[in-house]
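Hello,

Here is the structure I promised to pass on to you. Please have a look at it first, and then read my notes below.

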Amino acid sequence: MGKTVAALVLLASAICSRAPDHGVQKALAGVTLYVAEQSFTPGKPLEIAIVIDLAEHWHTYWINPGDAGMAPKIEWDMPRGWTELPVRFPAPSRFMFEGLVSFGYENRAVILGAVIPGDGLQRDSAKITVRTTILVCKESCIPVRDTATVRLAIRRGQAVSAIHDETKRLFDEARRKLPRMDHSVTAYYSVLEDRLTITVPRDSVTSPLRELTFFPQTRGVFDYAADQAVSRDSDHIAVDCALSPLYTGEASDIKGLLVGYNRQADQVVALPIRAIPESNLSLGGSK
Amino acid sequence: MKNAYFTAVALACAGAIVLGEKAPRAKINAPAPNFTLRDIEGTTHSLTDYAGSYVVLEWINLDSPFVKKHYNSGNMQRLQKKYAEKDVVWLAINSSAKGKQGHFKNADSKKRLRKHKGNQRAYLVDAKGKVGKTYGAKTTPHMFVIDPEGILVYAGAIDNKPSTDTADVKNATNYVSAALDAAFADKPVKPGATQPYGCSVKY
């Protein structure tokens, strides 16, 4: 399998000037769906993992792809009356290529979604289809479109259908890599010349995190390739970032993830940040 | 995971050192840096040649799936034609380095442009990437609008649909049109900058 993928990756590089063959697309990236439970109950959210497996050395992108690239597009096809909840992306990594920085994933990305089954199904089973469009890149980029389907049975009585241990582990690991929405942080920022400093209250970062990096979700503000400087005092953690030379000062709130490594737990932790302008604090807020 | 994370951070820091070098860079609402480049016909063009006109700079790589979206749909050619009729000078710039995706011999570039029926004033070759880096061109396409006084009034994406799907063109808000139309009407260009989307420029 490894040799086959390597050969196809080389082939993909060679044919980048033509429309990519579907077989090559499948070798570069494949999408599989997993469900947290094999059966559903109308009205009860059901978690679904969208697993993107990538060929070696190829990557795809986070919701903010960075200097180049494209965020994944995910479309659901479900029975009438069913609704989907917003998907959640894992904390990204940072890739540098020829001076440009991208945010995304290598090897495997597990995006967690959920659906709420509706009432009134004519059958005892349901089909959920997810269509994904992602951009996979190494030196060149290829759009990959894939469709994955899962079938579910309606739950009868109190019976809970078993799922494989491997699937359970997949969900557990995927949840660990998600931004900690229960620990979202309100911070503030200030701009001085071509630098922007995000100041986070120290007590809002509950675990001891090292190697902190801010991944901006708000676009068009930062020079992604420039270094970030992190400083700490007893009350605050400050992340000093370079502004994009093309920044026009039109952003108000800035959103992103503060990502760090918790050595004790041997885990990367991502905290959602919403930073408001420091000038807004002087209108009645407090640091 | 830990190793991958630290590797990624280390790479980012290494890149930051490279980019820490100070070079002149384009800024919104500031004079657009002058440049001189040769086109695929062998003619030399400088930005100052077009003082007094609106100028659009379009970073191009005809192998980028995002550029293909706008050329295969005819969107880019329509824009070029529409604004050429309003005396806007539209310059495509190819910053793909020799040996990289999107770099062609001039004869091949001409053939490809003929196939696409491109309406740009000129297709300029920037194989050393100097102009691309000065302007901070990151993606193909990456669009810049310069007013008759030589001020950069817009930089960023061509529109608000960051995809490779030609079907998205018809429902997109085109930022280049918006910038030019606002400038023609003496109105502020908003947004003045957006994050571009596309494949990276192959420096």
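Arg195(A) and Asp240(A) meet through their side chains in a salt bridge, with 3.0 Å from N to O. This is a predicted model, so please read every value here as computed from it. The pair ties together distant parts of the chain: Arg195(A) sits in strand E13 (residues 195-201) of chain A and Asp240(A) in strand E16 (residues 236-242), 45 residues apart. Arg195(A) has a relative accessible area of 25%, so it counts as partly exposed.

Two other salt bridges in chain A are worth a look. In one, Arg274(A) pairs with Asp253(A), and the closest N and O atoms are 2.7 Å apart. Here too distant parts of the chain are linked, 21 residues apart: Arg274(A) belongs to strand E18, while Asp253(A) lies in the loop between E16 and strand E17 (254-262). Arg274(A) is partly exposed at 34% relative accessible area, and Asp253(A) is partly exposed at 29%.

The other joins Asp53(A) to Arg108(A), with the closest N and O atoms 2.7 Å apart. Asp53(A) is in strand E3 (residues 46-54) and Arg108(A) in strand E9 (residues 108-116), 55 residues apart. Both ends are partly exposed: Asp53(A) has 29% relative accessibility and Arg108(A) has 40%.

Over all chains the structure holds 17 salt bridges. Some of them form a network that links Glu47(A), Arg88(A), Lys168(A), Asp172(A) and Arg175(A).

Leaving aside neighbours within four places in sequence, Val136(A) is in contact with residues including Leu28(A), Trp58(A), His59(A) and Cys141(A).

How do the two chains meet? In chain A, 44 residues are in contact with 46 residues of chain B. The area buried between them is about 3500 Å², and carbon and sulfur atoms give 59% of that. On the chain A side, Glu98(A), Pro245(A) and Leu246(A) lose the most area to chain B, together 17% of what that side buries. The interface also has 3 salt bridges. Arg25(B) forms a salt bridge with Asp223(A), where the closest N and O atoms are 3.6 Å apart.

Chain B itself has 6 helices and 9 strands. Of its 203 residues, 56% count as buried. Its accessible surface comes to about 9100 Å², with 52% belonging to carbon and sulfur atoms.

Which residues of helix H4 (residues 106-116) are buried? They are Ser109(B), Leu113(B) and His116(B). These residues cover an arc of only 60° around the axis, so they lie on the same side of H4(B). The face turned away from the buried side carries the exposed residues Lys111(B), Arg114(B) and Lys115(B). Cover for the buried residues of H4(B) includes helix H2 (65-72), helix H3 (75-84) and strand E5 (122-125) of chain B. After H4(B) comes Lys117(B), with a positive phi near 55°.

Best wishes

Conventions:
Residues are numbered from 1 along each chain as its sequence is written. Chains are lettered from A and ligands numbered from 1 in the order in which they are written. This is a predicted model: local features need pLDDT of at least 70, side-chain atom pairs count only at pLDDT 80 or more; totals for chains, interfaces and linings use all residues. Side-chain values use heavy atoms; hydrogens and water are left out. Helices (H or I, at least four residues) and strands (E, at least two) are DSSP runs, numbered from the N terminus. Buried means under 20% relative accessible area, exposed over 50%, partly exposed in between (1.4 Å probe, protein chains only). Accessible areas come from the Shrake-Rupley method with a 1.4 Å probe; for residues, only the protein chains shown count as cover. Contact means heavy atoms within 4.5 Å. The arc is that of the directions from the helix axis to the C-beta atoms. Buried area is the accessible area (1.4 Å probe) that two parts lose on being put together, summed over both. A salt bridge is a side-chain nitrogen of Lys or Arg within 4 Å of a carboxyl oxygen of Asp or Glu.
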